[in-house]
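Please open the model in a viewer and keep the sequence at hand. The stops below are given in the order in which they may be selected.

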Amino acid sequence: MFLRKNAKLNRPPDYIIVEGPLAGGHLGFAWTGRQYDLRTIVAEVQQYLKTAELDIPVVPAGGIFTGSDATWFLERGAAAVQVATRFTVARECGLAGQGKAGYFKAS
């Protein structure tokens, strides 16, 4: 739907961020959405773009926890990866102190 709308404008997106069910809670996935795997979703998007002959960079996000996770996607054609949750407790993050403390208390 997104790509069809942009095609009408004759302006493809600069990139597409593909988020899975482990992305920071701002998605349409319900808790039961954990059955969907980011690797599978990204592969499906990449295949669609290839079939449609669209050269749009793909950026996976949500559930990338380690350097090995990032490398896996990059080796399979991702232009970059988006990592956020791991950095929410960093000094540079704008999250309030109480919010950051909650991350340290969480199990």
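A residue is called buried when its relative accessible area is under 20%, exposed when it is over 50%, and partly exposed in between (1.4 Å probe, protein chains only). This is a predicted model, in which local features need pLDDT of at least 70 and side-chain atom pairs count only at pLDDT 80 or more, while totals for chains, interfaces and linings use all residues. Residues are numbered from 1 along each chain as its sequence is written, and side-chain values use heavy atoms, with hydrogens and water left out.

Begin with Asp14 and Arg11, whose side chains form a salt bridge with an N to O distance of 3.3 Å. The term denotes a side-chain nitrogen of Lys or Arg within 4 Å of a carboxyl oxygen of Asp or Glu. Asp14 is exposed because its relative accessibility is 52%; Arg11, at 46%, is partly exposed.

Select Asn10 next, in the loop between α1 (2–8) and β1 (16–19). Helices (H or I, at least four residues) and strands (E, at least two) are DSSP runs, numbered from the N terminus. Asn10 has a positive phi, near 60 degrees, and is not a glycine. Most residues other than glycine have a negative phi. Asn10 is also exposed, with 70% relative accessibility.

Move to the loop between α2 and β2, where Glu53 is found. Glu53 is again a residue other than glycine with a positive phi, here about 55 degrees, and it is exposed at 72%.

Now display helix α3 (residues 67–75). Which of its residues are buried? They are Asp69, Ala70 and Phe73. These residues lie on the same side of α3, because they span an arc of only 95 degrees around the axis, taken from the directions from the helix axis to the C-beta atoms. Their cover includes α2 (38–51) and β2 (58–61), contact being heavy atoms within 4.5 Å. Turn to the other side of α3 to find Ser68 and Glu75 exposed.

Stay with Glu75, which has a relative accessible area of 61%. Glu75 makes a salt bridge with Arg76, with 4.0 Å between the closest N and O atoms; Arg76 is partly exposed at 43%. The structure has two salt bridges. Just after α3, Gly77 has a positive phi of about 100 degrees.

Finish at helix α4 (residues 97–105), which contains Tyr103. Tyr103 is partly exposed, as its relative accessibility is 42%.
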